[in-house]
Amino acid sequence: MNRHSFGPSWYRSLIICLFLGFVSSATAGVWEGGDPVKGEQLFNANCASCHKINKEVLAAPGLGGIAERWSASEELLVQWIQNPQAAAASGDPYIKSLVERYVPTFGWMAAQAVSEADIADIMAYVQNPPGKTEVVDTGDACPTIDDLDQGSSNSSATIWFIILFVLFLIIAVSASNVRFSLNNAMRESEGGERLAPISYGMQIRAWAWKNLVFVSLIGLFVVAYVAVVGYQSAMDVGVYEGYRPEQPIQFWHSIHVCENEVDCQYCHSSASKSKHAGIPSTNVCMNCHKGIKNGKRWGEKEIGKIYDAIGFDPTSGQYIENYEEKPIAWTKVHNLPDHVYFNHSQHVAVGGLECQNCHGDVAKFTVGRIAPVEEINALIDDYPTLIQLSKPTLTMGWCIECHNKAEVDLTKSGYYEEIHNRLKKEIRGNEELRNYLGDDKVTVKELGGWECSKCHY
Amino acid sequence: MVLFAAFAVMMGSCVTDPNSPGLEYMPDMYRSPAIEAYVDYGMDTYHFGNDQADSLSNTLSARKPAPGSIAYVGGDKAGLNMPYPYPNTMDGYEAAGVGLKSPLATNKVNIEKGKELYTIMCTHCHGKTGKGDGAIAANGLIMGIPDYSTKLKDLPEGKMYHSIQYGKGLMGSHASQLSQLERWQIIEYVKVLQAGGKMPEFDAAGNVMAATAVAAPADSTIIQ
């Protein structure tokens with residue numbers, strides 16, 4: 001707030017008022033005769049960052065019902081908007097009550113550069129807002145490739161398969177029992193001896209000997225099947241592609257990153273500074289959600305969980321004092337074993353990699369998950385610097401494959417220039433090192449990116 | 001029967017449950033006994049035993065620094081991480097506007113780094129050119145974000161810093177996401193936006209050339 005500038009503004013509004021008063025005597029007061037369409041523009045430009053037109057509190061009290069509430073003069077309303085502190089100095093009891101009630105919580109309103117005619121327009125809009133135009137749904141431009149219910153159908157199919165198999169066994173066993181009893185009954189009726197009961201194992205063995213070719217074929221098939229499936233599942237140990245745990249809040253990356261263009265590093269702000277990209281703390285959520293209280297898909301339900309965690313009352317727009325904050329228990333998705341060292345800042349700040357290179361197009365995700373390598377490779381059109389890889393995401397094969405392909409920009413970091421210079425000195429008489437320069441590029445591997453102790457120590 | 005059991009186990013392992021991270025080999029090597037961020041030590045019964053693991057379950061391994069801690073980066077940056085002297089009040093805001101000055105030189109390095117950081121941290125609300133027309137504003141979620149080149153043209157750098165430190169109105173504090181150096185670098189770029197958004201020309205040493213320097217705030221009737 002610049003105290004020098006009140007004068008000119010006041011003069012300006014006075015001149016505008018005199019001019020308008022001269023032209024038309026209809027603009028008698030701020031409560032009548034304003035243009036709500038113009039008022040909407042003015043309101044959105046000057047007031048909407050703190051006030052709402054209903055009674056909801058944003059960063060200041062809502063203006064709904066102001067015409068009924070305002071019990072000071074119209075001149076004081078104009079002054080209160082153009083220069084709140086001067087209006088307070090007038091000693092009016094209503095203004096005094098406003099100052100006592102709101103200034104300790106919200107602070108003084110900045111003096112607004114609006115004329116009396118502008119205020120009349122704004123008040124016309126606040127009292128009679130035109131029908132709200134629907135915000136254009138940008139959902140089509142930002143499709144989510146994750147559908148929330150996937151995954152459950154596969155497991156239920158397997159369970160049905162197992163249940164059917166067990167049912168079949170039960171039927172087969174009881175059928176053989178029935179056959180055995182019928183056999184005995186027949187023998188008894190013919191006056192013969194009862195057969196000695198034989199165990200199921202014996203029965204199966206007898207049956208198998210009778211059908212030797214069939215049984216050995218089936219056996220061969222089962223052994224081959226177990227070997228193949230066993231090999232596949234053994235290769236899946238330690239592969240986390242597709243891991244998408246349920247999170248405590250239905251956080252959709254697509255709404256935040258694609259629709260509202262929040263940068264990855266706004267929330268994961270330590271990706272360029274630290275080992276961890278970081279899961280944002282609740283105060284970072286509140287940087288936007290202090291104002292955005294209604295989610296697009298779940299309304300107040302999911303955003304309310306943030307308020308519950310940090311102790312924010314959305315009705316009063318205030319933090320609750322002495323609230324015991326509850327941490328939001330996000331489930332970490334990208335886990336590396338402890339025997340691997342990985343540092344985000346090394347890859348983001350020094351290496352200059354795009355987030356998408358390892359995480360895929362998270363802007364189209366719902367909750368976080370590990371993107372399979374094929375999905376990441378398909379992004380090459382949008383991200384030309386992407387390095388194409390073949391091994392599953394987050395495995396060691398994937399890491400070293402990338403270290404073998406990724407080129408290092410030596411000019412970006414003094415550290416790599418130094419390593420490169422040392423390499424050049426060592427190169428005399430060392431054929432292996434000389435081969436490194438054969439392809440005219442310096443990869444991470446050639447600067448030591450394949451040494452065990454780079455990642456394992 | 002044995003074959004059947006093996007078969008059932010194999011079938012079971014084909015189930016894809018998105019809530020399960022999959023199998024680990026040698027799980028004792030997966031979690032560190034030394035405290036690391038984002039690890040739930042309640043899951044580590046191998047190192048801690050059942051009783052201690054229960055008490056550690058669902059506790060934070062990342063802790064807030066002790067009150068009064070000063071982040072120390074080293075070199076000449078150390079001076080940038082001192083406690084902030086102005087209180088979070090309107091008086092503090094005014095005082096910062098008068099008394100708080102950027103310790104950085106207005107040069108190529110700082111302005112370009114500031115632009116990079118501004119693009120990450122500010123554009124979704126304030127817009128790429130600082131007109132308050134970022135995607136969140138365009139989608140009608142937060143409105144009335146002031147334009148740097150008109151309404152906030154004469155906003156002094158101390159007030160900008162105060163707003164980043166504590167937040168202002170609907171804007172929250174960004175102190176947890178930005179170091180003090182980064183805050184001042186962003187402010188260097190916001191000053192370019194205040195002057196219309198055209199990048200100044202730099203000489204070979206990276207200093208702003210006099211003719212294209214960002215104009216000093218002129219006496220204006222715009223109130224802020």
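**View 1. Helix H13(A) passes H14(A) in a left-handed crossing.** A crossing is called left-handed if the near helix is turned anticlockwise from the far one by less than a right angle, and right-handed if clockwise. Helices here are DSSP runs of H or I with at least four residues, strands are runs of E with at least two, and both are numbered from the N terminus. This is a predicted model, in which local features need pLDDT of at least 70 and side-chain atom pairs count only at pLDDT 80 or more, while totals for chains, interfaces and linings use all residues. Residues are numbered from 1 along each chain as its sequence is written, and chains are lettered from A and ligands numbered from 1 in the order in which they are written.

H13 covers residues 282-289 of chain A and H14 covers residues 300-310 of chain A; they pack at an angle of about 125°, with their axes 10 Å apart. That angle makes H13(A) oblique to H14(A). Axes are lines fitted to C-alpha atoms, for helices over the stretch in contact, and angles run from 0 to 180 degrees between N-to-C directions. Angles under 35 degrees count as roughly parallel, over 145 as roughly antiparallel, 65 to 115 as roughly perpendicular and the rest as oblique.

Which residues of H13(A) meet H14(A)? They are A:Thr282, A:Asn283, A:Cys285, A:Met286 and A:His289, and their partners in H14(A) are A:Ile303, A:Ile306, A:Ala309 and A:Ile310. (Contact means C-beta atoms, placed from the backbone, within 7 Å; Ala, Val, Leu, Ile, Met, Phe, Trp, Tyr, Cys and Pro count as nonpolar, Asp, Glu, Lys and Arg as charged, and the others, Gly among them, as polar.)

**View 2. In chain B, H3(B) passes H7(B) in a right-handed crossing.** Helix H3 (residues 90-99) of chain B and H7(B) pack at an angle of about 135°, with their axes 6 Å apart. The two helices are therefore oblique to each other. On the H3(B) side, look for B:Gly92, B:Tyr93, B:Ala96, B:Gly97, B:Val98 and B:Gly99; they meet B:Gly158, B:Lys159, B:Tyr161 and B:His162 in H7(B). Sorted by class, this contact has four nonpolar, five polar and one charged residues.

**View 3. B:Leu178 sits in the loop between helix H7 (157-166) and helix H8 (180-194) of chain B.** Is B:Leu178 buried or partly exposed? B:Leu178 counts as partly exposed because it has 19 C-beta neighbours inside 10 Å. (Buried means 20 or more other C-beta atoms within 10 Å of the residue's own, exposed means 12 or fewer, and partly exposed is in between.) Not counting residues up to four places away in sequence, B:Leu178 touches B:Met121, B:Ile164 and B:Arg183. B:Gln165 is 13 residues from B:Leu178 along the chain, and their C-alpha atoms are separated by 9.1 Å.

**View 4. Domain 1 of chain A meets domain 2 of chain A.** Chain A is divided into domain 1 (3-127), domain 2 (253-381) and domain 3 (396-455), with bounds from an automatic or database domain assignment. Four residues of domain 1 are in contact with five residues of domain 2. On the domain 1 side, the residues that touch domain 2 are three nonpolar, one polar and no charged.

Terms used:
Two residues are in contact if their C-beta atoms, placed from the backbone, lie within 7 Å.
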